[in-house]
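Hi everyone, thanks for coming.

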Amino acid sequence: LNLERCPGCDTADRTIVCEWNKSILLEQDIFAESPRYNYALCHGCGIVYATCRPVGEGYKSLMNDFSETIGRGDRANAGNALLNPYPLSEEDRDWYRRLIAGGVFVSDHDPREHLDGVYQDRVENTAHVEILASLLDLQGARVLEVRSRAGTIVDGLRRRFGASVMAMPIFEGEQFILRELYGIECSDLIDYDMFTIPFEGSFDLIACNHMLTHILRVDRFFDQIREHLKVGGHLYLYNELEENKFLGGGNSVINTLNALHVQVFDRASVVRLLKANGFEVTFAKLRNSSQLCLARYTGDRAWTPMSVEERSRRARAYSLARTRAILRAPKSVRGRFSAVWEDAVAEGVAAGIACFDDKGRIRVIKDG
């Protein structure tokens with residue numbers, strides 16, 4: 001899918017800020033024979049989005065090879081019941097049932113076979129339950145969580161408020177846990193391409209885990225959210241990529257953006273994106289270096305584009321991040337950057353983020 005305009009605000013003007021994602025750093029570059037993603041900074045809302053992205057069968061193949069696609073290796077997490085991205089066999093389902101029977105709160109002083117990770121997931125997501133419970137009146141509310149891992153957020157809201165809850169998972173293992181451990185009504189697996197909310201009626205709250213980063217058709221995503229959210233209801237986004245992870249010099253922009261990451265943001269661009277789609281942000285924070293954001297659905301789409309000064313600053317920051325990522329590429333794959341290597345060296349040295357050592361080798365200066 002080649003995008004001529006921003007998928008979030010429909011602005012045409014943009015600046016290409018990075019051609020590649022993590023696949024170019026892997027032993028086998030899965031896009032070696034196809035167009036690059038060509039991530040662009042939108043001059044309107046300010047999100048950075050892949051102008052070329054796989055859809056249809058191409059995207060399904062990436063999801064089917066999930067662990068390899070994101071660089072974790074073949075069959076990674078297959079033995080982790082909570083994070084298993086693969087289809088379940090009947091043997092797997094029997095195994096899941098035995099683990100689920102152990103319960104969530106298994107004490108270390110009296111260990112037994114149980115679903116490892118659910119306790120940690122529940123404690124970790126308590127923060128989201130606390131945020132939502134403190135900011136919203138959810139007594140008897142109707143709540144949907146999109147990309148729910150183990151149902152701990154919606155289950156927490158159900159126990160606390162008597163909320164009617166539903167969930168949408170991305171893997172069969174998650175779907176099985178949602179149904180068997182918590183008895184939560186859930187959908188078929190999420191389709192990131194033709195995203196659809198299959199439940200009837202409207203919700204008071206829709207919580208989305210790491211969805212804006214991955215969703216292929218942002219306009220369709222917001223259409224579905226608006227169709228299933230009451231006016232005055234809330235959209236809660238969490239675990240969304242924050243661009244400062246790599247603009248600050250700590251991480252490589254190329255290594256951070258894997259083949260399933262098609263949007264990335266800073267807080268101001270998320271606020272503008274939501275405003276352009278009829279949502280007013282009421283609460284936003286960074287948590288564990290990722291963004292969370294609560295927004296009320298108003299239907300008002302009036303918004304103000306990013307300023308020229310902000311655009312220039314961020315375009316420059318992305319240019320330096322791209323250069324730093326190229327120069328930090330492992331020697332085994334540096335040949336893939338041969339067409340841009342000399343320019344990257346020149347920019348890196350001029351900007352003071354790289355230098356030559358006493359043997360004439362280029363070195364990236366930590367934190368630039």
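Predicted model: local features only at pLDDT ≥ 70, side-chain atom pairs only at ≥ 80, totals over all residues.

Okay, let's begin with a pair in helix α1: Glu57 and Lys60 sit three residues apart there, which means about one helical turn separates them. In general, an α-helix has 3.6 residues a turn, so residues three or four places apart point the same way. And these two do meet: the side chains of Glu57 and Lys60 form a salt bridge, at 3.6 Å from N to O.

Are the two partners buried or exposed? Glu57 is exposed, with a relative accessible area of 60%. Lys60 counts as partly exposed, at 43%.

How many salt bridges are there in the whole structure? The search finds 24. The background is simple: side chains of opposite charge can pair when their charged atoms come close. Let me show you some others.

Take Arg98 and Glu113, whose side chains meet in a salt bridge at 4.0 Å, N to O. This pair links distant parts of the chain, with Arg98 in helix α3 and Glu113 in the loop between α3 and α4, 15 residues apart. Arg98 is partly exposed at 45% relative accessibility, and Glu113 is partly exposed with a relative accessible area of 45%.

Then there's Arg160 with Glu130, another salt bridge, this one at 3.4 Å, N to O. Arg160 belongs to helix α5 and Glu130 to helix α4, so the pair ties together parts that are 30 residues apart in sequence. Arg160 is partly exposed at 45%, and Glu130 is partly exposed too, at 40%. There's also a network of salt bridges, which links Glu90, Arg93 and Glu172.

Let's stay with α5 for a moment. Why do we call α5 largely enclosed by the rest of the structure? Because seven of its 10 residues are buried. Those buried residues are Thr152, Ile153, Val154, Asp155, Gly156, Leu157 and Phe161. And what covers them? The cover includes helix α4 and the strands β4 (142-146), β5 (164-168), β7 (203-209) and β8. Just after α5, have a look at Gly162, which takes a positive phi of about 65°.

Now to the cores. The largest nonpolar core has 83 residues, and those with the most contacts inside it are Ile206, Leu235 and Ile254. Helix α11, residues 308-327, gives the most to this core, with five residues. Apart from it lies another core, of 37 residues, including Val118, Leu132, Phe161 and Tyr238.

Ile353 lies in the loop between α12 (338-351) and β12 (354-356). Ile353 has a relative accessible area of 3%, so it falls under the 20% cut-off and counts as buried. In sequence, Ile353 and Val364 are 11 residues apart, but in space they are 5.9 Å apart, C-alpha to C-alpha.

Last topic: pockets. The largest pocket has a volume of about 1,200 Å³. It is lined by 50 residues, and Arg72, Leu83, Arg147, Arg149 and Asn239 lie nearest its centre. Several elements each supply at least two residues of that lining, namely α3 (90-100), α4 (118-135), α5 (152-161), β8 (229-240), α9 (253-256) and β11 (290-297). By class, the lining of the largest pocket divides into 15 nonpolar, 23 polar and 12 charged residues.

The second largest pocket holds about 350 Å³ of space. It's lined by 14 residues, and closest to its centre are Met63, Asn64, Ile170, Leu189 and Ile190. Here the lining has 10 nonpolar, one polar and three charged residues. And that brings us back to where we started: helix α1, residues 56-64, gives the most to the lining of the second largest pocket, with four residues.

Technical notes:
Residues numbered from 1 in each chain as written. Heavy atoms only, no water. Core = buried A, V, L, I, M, F, W, Y, C linked by side-chain atoms within 4.5 Å. Buried < 20%, exposed > 50% of the residue type's maximum accessible area, 1.4 Å probe, protein only. 1 Å grid on protein atoms, 1.4 Å probe; cavity = no way out; pocket = protein on both sides within 12 Å on 5 of 7 lines; lining within 4 Å. Points joined across faces, edges and corners; volume = space filled by probe spheres on them. Nonpolar A, V, L, I, M, F, W, Y, C, P; charged D, E, K, R; others polar. Contact = heavy atoms within 4.5 Å.
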